[in-house]
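This report describes selected local features of one protein model. Please keep the sequence and the coordinates at hand while reading.

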Amino acid sequence: ESEDVRTSLIQFITNLSNGTFPPSPSSGWNSTSDPCTANWTGVECDKPNSQVKKIILDGFNLTGNFDSASLCSAPALAVLSLNGNLIAGSLPDQIGDCRRLTHLYLNGNRFSGPVPSTVSRLNNLKRFEISNNGFSGQLPDLTRVSGLIAFVADGNQFTGGIPLGFDFTNLERFNVSNNILSGPIPDVDGKFGITSFSGNADLCGPPLPNSCPSSSKRDKNRTRDQILIFSGYILLGLVVVSFIVAKTIRKKNQKETSGSASTSKSTSSEGKSKATTTAGNSRSEMRSEYSITSADSGAAAASFEVLSNPLVKGLKFNDLLKAPAELLGKGKHGSVYKVVLDNGAAIAVKRTKDWGISCEDFSRRIKRIDKVKHPRVLNPLAFYCSDQEKLLVYEYQPNASLFMLLHGAHSGQVLDWGSRLVIASCVAEALAFVHRELQEDGIAHGNLKSTNILFNKELEPCISEYGLMVAEDPDQGTTKSGSQQKPYSSFKVDVYWFGVLLLEMLTGKLVQNNGHDLAKWVHSVVREEWTVEVFDRALTSEGANEERMVNLLQVALKCITPAANERPNMGQIAGLVHAIREEEDRSIIVSEG
Ligand SMILES: Nc1ncnc2c1ncn2[C@@H]1O[C@H](COP(=O)(O)OP(=O)(O)OP(=O)(O)O)[C@@H](O)[C@H]1O
């Protein structure tokens, strides 16, 4: 360890022990020795980098204050366990700087005051245990910590409700019993029983025996009020909007009659509107992309076909025209706009282009896709199809795409190895599930790439735009028409692109030329036996486990095998990636024990 880190750790323990630690000179913990080579009591290091990875000092009668600033200067610290001591005072804000922490155990101490909101920055955290202390205030908001598997905070003084954002699907342990919590218990999907919530007089709803009758009455009243207010808004909105739309259409018609012949022609069909683009007429303005054309102006009042999610019930073309829209990006196959509707809902509208599919087939395909539900796959909320337009509406995802996290300057954060592995395994599992469900229909994703992996409110990765394209196999030539495809091929094309996605995450490099350049470069480096050179510098410098990175690279190489029928299927790949992720989790837990 560096001298700075050694000095900081000594400072940390001095504050914590008021001079009573180390218990004997042979315990280490002095500035003249190295924590990794001199075996400081309770300290473990990661071998290749000789950096402090774990500090486990359970039951040492530590009595002082917790100095997070000194502690968090150990850059590789992943596990901190101080159970069963006498540590008092607050948990300082700087705990949020221990970014590599995966396990934080502070059970059975005398901590008091609120848990600082900065713990939400510990997005590698898997286990957070703080039971039997005097913590008060609200429970911490850990919605951004998507890999959390244990949250144990029983026997404190927490007040308020249980945050709705807790992702109970991943949690294996959850206990907030014996606090002062109130309000309804979120849906825990039958995973946690009474003992996780008991001893909070004002908590209600399942699994506790006391139901929440008064709140449901309040909710009913609130809903009725909301409906009344909402109807008022709609009425007012309709009057204003009809006025604006009528004015806009009149203006547009006037413009078109006085404008050039090419402009009016361009609005009559997809093909012709393309001609206008090449003629230099600016069609790239936000709404002109999906504005009702004069030829299709009857559609202004037309409704979108709303699918099973009712979020955009009753959506009309007019709603899009009048709402503020922002171009999110233009891809090879269309453009995407963010639109905020009158009711405040943010949606993403995808306009596909050059897709020679009839409205009947389009509708059948989208409705079939909508029947398959997976929490990591975004289904369209609604669609619209006319001769001029094919539009799909999705819920807007606020937390950027995988592409942005890997290559953009997104909040200056580097996506660490643990997060990349979680993303890889979530995407693989979701894709395997949908492939299985839609095998018979022959509907694959068709355009899998990092811009189509979006992060939802809970920062979980979700696959977007499933089935909007008919897959092209970069190694087999184009297979545009569904009828010409062999039954397996479109799914095996997804497998190829999943492999490219893995390469992008492992190398941190951009995908160009159908992934060929990246694949070629990776192959050449591996052939020369410089495999480690392949990996993203950010991963090697954080000390990511090389063996597991190589294992994931092997999976990627299997996926991009040129012969489509030699590629494994997504189910097999999901199994391989999951095993690597489990090994990673185990390595942390085992070495901690
Ligand atoms: N539901 C959504 N919420 C937030 N951003 C989205 C949503 N859907 C798409 N985007 C973003 O909009 C941008 C444009 O998407 P688009 O799908 O048009 O581009 P692409 O994926 O690069 O190309 P392609 O045309 O091949 O799909 C991308 O950056 C994408 O991440």
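The model is predicted, so local features need pLDDT of at least 70 and side-chain atom pairs count only at pLDDT 80 or more, while totals for chains, interfaces and linings use all residues. Residues are numbered from 1 along each chain as its sequence is written, and side-chain values use heavy atoms, with hydrogens and water left out.

**Helix packing**

Two packed helices are described by the angle between their axes and the distance between the axes. Helices (H or I, at least four residues) and strands (E, at least two) are DSSP runs, numbered from the N terminus. Helix α9, residues 417–438, packs against helix α10, residues 489–507, at an angle of about 175°, and the two axes are 11 Å apart. The axes are lines fitted to C-alpha atoms, for helices over the stretch in contact, and angles run from 0 to 180 degrees between N-to-C directions. This angle makes α9 roughly antiparallel to α10 (over 145 degrees; under 35 would be roughly parallel, 65 to 115 roughly perpendicular, and the rest oblique).

On the α9 side, the contact (heavy atoms within 4.5 Å) is made by W417, R420, I423, A424, V427, A428, L431, H435 and L438. The α10 side contributes F491, D494, F498, L501, L502, M505 and L506. By class, the residues of this contact divide into 13 nonpolar, one polar and two charged. Here Ala, Val, Leu, Ile, Met, Phe, Trp, Tyr, Cys and Pro count as nonpolar, Asp, Glu, Lys and Arg as charged, and the others, Gly among them, as polar.

**Salt bridges**

The whole structure holds 16 salt bridges, each being a side-chain nitrogen of Lys or Arg within 4 Å of a carboxyl oxygen of Asp or Glu. Three of these pairs are tabulated.

| Pair | Closest N to O distance |
|---|---|
| E360 and R364 | 3.6 Å |
| D441 and R368 | 3.1 Å |

E44 lies in strand β1 (residues 43–46) and K54 in strand β2 (residues 51–56), so this pair ties together parts that are ten residues apart in sequence. E44 is partly exposed at 36% relative accessibility, whereas K54 is buried at 2%. Buried means under 20% relative accessible area, exposed over 50%, and partly exposed in between, with a 1.4 Å probe and protein chains only.

E360 and R364 sit four residues apart in helix α7 (residues 359–371), about one turn of the helix. E360 is exposed, at 58% relative accessibility. A network of salt bridges links E360, D361 and R364.

D441, in the loop between α9 and β20 (453–455), and R368, in helix α7, are 73 residues apart, and their pair links distant parts of the chain. Both residues are partly exposed: D441 has a relative accessibility of 39% and R368 one of 26%.

**Two buried residues**

E542 is in the loop between α12 (537–541) and α13 (546–559). E542 is buried but has no salt bridge, and the nearest side chain of opposite charge, R100, is 4.4 Å away. Leaving out residues up to four places away in sequence, E542 touches R100, D416 and W417.

L62 belongs to the loop between β2 and α2 (68–71) and is buried, with a relative accessible area of 0%. With residues up to four places away in sequence again left out, L62 touches L16, S17, F21, L57, L82, N85, L86 and I87. The C-alpha atoms of L62 and T20 are separated by 7.9 Å, although these residues are 42 apart along the chain.

Definitions and conventions. Lys, Arg positive; Asp, Glu negative; His and termini not counted.
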